[in-house]
Amino acid sequence: MGYMFNGNEIDHDEEGYLTDLSDWNPELALMIAQSEELEMNDERWEVVNFLRDYYEEYQVAPAVRVLTKALAKTMGPEKGNNDYLYELFPYGPAKQACKIAGLPKPTGCV
Amino acid sequence: MAKVSDFIVDDSDTDPLAIPKLACGSMRDSKPFVAKDAHQAALGYPGELVDDWQDKAISKMGELLTKYRSLQVYMDSCVKCGACTDKCHYFLGTGDPKNMPVGRQDLMRKVYRRYFTFAGKYMPWLVGAEDLTEDVLDEWYTYYHQCSQCRRCSVYCPFGIDTAEVSMAAREIMDSVGKGQKYCNEIIGKVYKVGNNLGLPAKAIRSTLDGLEEELQEDTGLDIKMPLDQKGVDVLLVTPSADLFAEPHIDGLMGYAKVFHEAGVTWTLSSYASEAANFGMFIGSYENMREVSLRIRKAAEDLQVKRIVFGECGHAWRVAYSFLNTLAGPFDFLDQRYPIPQHICEFTYDMIENGELRFDKSKNDQYRLTYHDSCNVARGSRMGNKPGGQFEIPREILRASCNHFYDMAPDTIKEATLCCGGGGGILTDDLMDVRLKGAQPRMRAMQEVAEEHGVTHLAAICAICKAQFSKVLPAYGFKVNSILSVHQMVSNAIVLTGSIQEKELDEAKTPEAAE
């Protein structure tokens, strides 16, 4: 299982999450987003970039609350909330945005 | 894999318990991803189906029949009376007869008869006995992962046959021969490696808690602490890691913090035991359930606490209430004057009873609320010191904190409660069709109170229920955020001593309105 990217196959798991996080790059993110039927715009990039920065520091995706607060700071309160995140990532901000950001799927009771 | 957006609600009926037309084999293709080598190895199971899997599986079944007498009784005592046939939410939602509890049990019963009964050994055709073939194993994998182990069927069975235990045994047998479920086993592995289901390291937990402390400060004007790994405090709070990650779970966590603050009780979370959930139960593994439980004991000892309190987590409370002492006891080092362990709802309710908490219910006036009894709390445990405490205590907390509360139909709540559709290891995206269909009875019951009483929101005390509902509610015409934590309602309405809310209330209102 993999994404065909520049002539190489990049492995992903059964649900499209990258197997090797270091395979990620912005062009690949566009391809993952496309397979999720999402077009990457500035707001979605803002989320994806935040997730990647957070992951680099904490080795895990941020709590949804942490993400919304960060977005409220950069994009204003009308966009820094859960409803808006669901508009950006209809399948759920945590899982769908993580997939596009090349991070592992959040597991557990979420 | 089914997507939520592809799902079409069956609106042919509005009765939550309407018996569907039979749809034989309709769910035969819905099965979860199989665990990989690494997931299996962390739990001590073979990485793939072993060569002599059939002999091993039969031998494991023999072992379980001896170890758990209940399993033997369940295999022997079904008289096919039919009382259970329309009691499973997955049958009601799918119409697949193998999701009738008796149908599900019979998948194991036919194998049991073949290898463990006289008639089945010599005249299998007479007694419906069957060999354990690869097809049968596949069927087990499919249908024992369409059971949320909610035990609703056992309430109606005249013999008390508990399909949950049969499902647990089946999963244990499958794990032992190398056919495990990815979702549960990967998660248990994370608990061993990092301390919780989500894999949140201590640094991430601390950072999240810092943010929440700030939020509490802004909200109340008080310095409300959310400690991690603090030694020598009164209470170790063991809560699902989803409380540190997801919505609306995290609002519940802030509610616990406010209650502890008002109680003047010192408390801490533990990064080592940063998980209340115990998926060892879902896979029927005593050993794994014990491993997870022992982490809680170790954390309590290391942090030298006096009490253990569990947060809002359904099956965690079943394991805690019913099995913790056996798995990880005796807890003779804890303060024996308090329940060991105690549920956060018991803690809050005691304070309400003693008149120690003040609420401004109008803060929750935007909600017209109903309550979803989570199955493992309802049918696998109790709260307080009265029968039915697990039903009444959460409702009393909600009545104390909001003005508009309405129960759903009596045959869908309390001991008859309908599962959310995501319990018992089913809360995984690869089983989305099972989850959406299994939620149908509960969602119809909610639609009834929405119509009759204008109910807009549903509160629950289980991390799985909360996550499942936030996924399935939109498919049934509700908003994604129509699911709330019980302690979120507490958090919204509580008037803490010295807080901004207290000042506002005392300035604005007469004393009787402030009650």
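Biologist: Is B:Gln149 buried or exposed, and how many other C-beta atoms lie within 10 Å?

Modeller: The model is a predicted one. In it, B:Gln149 has 26 other C-beta atoms within 10 Å; the cut-off for burial is 20 or more, and B:Gln149 is therefore buried. This residue sits in the loop that runs between α8 (134-143) and α9 (152-156) of chain B. Most residues other than glycine have a negative phi, and most peptide bonds are trans.

A:Gln59 belongs to the loop between α2 (42-58) and α3 of chain A. The surroundings of A:Gln59 comprise 15 C-beta neighbours inside 10 Å, so the residue counts as partly exposed. B:Gln149, by contrast, is buried.

The peptide bonds of chain B supply two further backbone features. The bond from B:Gly329 to B:Pro330 is cis, with omega near 0°. B:Ile340 and B:Pro341 are likewise joined by a cis peptide bond, for which omega is about -10°. B:Pro330 is located in the loop between α15 (314-328) and β4 (342-343) of chain B, and B:Pro341 is placed in the loop between α15 and β4 of chain B too.

Helix packing can also be described for chain B. Helix α18 (residues 389-401) and helix α22 (residues 486-493) of chain B pack at an angle of about 25°, and their axes are 9 Å apart. Angles under 35 degrees count as roughly parallel, and α18(B) and α22(B) are therefore roughly parallel to each other. Their crossing is left-handed. On the α18(B) side the contact is made by B:Pro394, B:Ile397, B:Leu398 and B:Ser401, and on the α22(B) side by B:Val486, B:Met489, B:Val490 and B:Ala493. Sorted by class, this contact of α18(B) with α22(B) has seven nonpolar residues, one polar residue and no charged residues.

The C-alpha atoms of chain A fill a box of roughly 40 × 25 × 25 Å along the principal axes. A compact globule of 110 residues would have a radius of gyration near 13 Å, and chain A, with 13 Å, agrees with that value. Of the 110 residues of chain A, 34% count as buried. Among the contacts in chain A with a separation of 6 or more, 47% come from residues 24 or more positions apart.

Finally, the two chains meet at an interface in which 17 residues of chain A are in contact with 30 residues of chain B. On the side of chain A that touches chain B, the elements giving two or more residues are α3 (64-75) and α4 (82-88) of chain A. Of these, α3(A) gives the most, with four residues. By class, this side of chain A has nine nonpolar, four polar and four charged residues.

Definitions and conventions. Residues are numbered from 1 along each chain as its sequence is written. Chains are lettered from A and ligands numbered from 1 in the order in which they are written. This is a predicted model: local features need pLDDT of at least 70, side-chain atom pairs count only at pLDDT 80 or more; totals for chains, interfaces and linings use all residues. Axes are lines fitted to C-alpha atoms, for helices over the stretch in contact, and angles run from 0 to 180 degrees between N-to-C directions. Angles under 35 degrees count as roughly parallel, over 145 as roughly antiparallel, 65 to 115 as roughly perpendicular and the rest as oblique. A crossing is left-handed if the near helix is turned anticlockwise from the far one by less than a right angle, and right-handed if clockwise. Two residues are in contact if their C-beta atoms, placed from the backbone, lie within 7 Å. Ala, Val, Leu, Ile, Met, Phe, Trp, Tyr, Cys and Pro count as nonpolar, Asp, Glu, Lys and Arg as charged, and the others, Gly among them, as polar. The radius of gyration is taken over C-alpha atoms; the globule rule is 2.2 Å times the number of residues to the power 0.38. A residue is buried if 20 or more other C-beta atoms lie within 10 Å of its own, exposed if 12 or fewer, and partly exposed in between; C-beta atoms are placed from the backbone.
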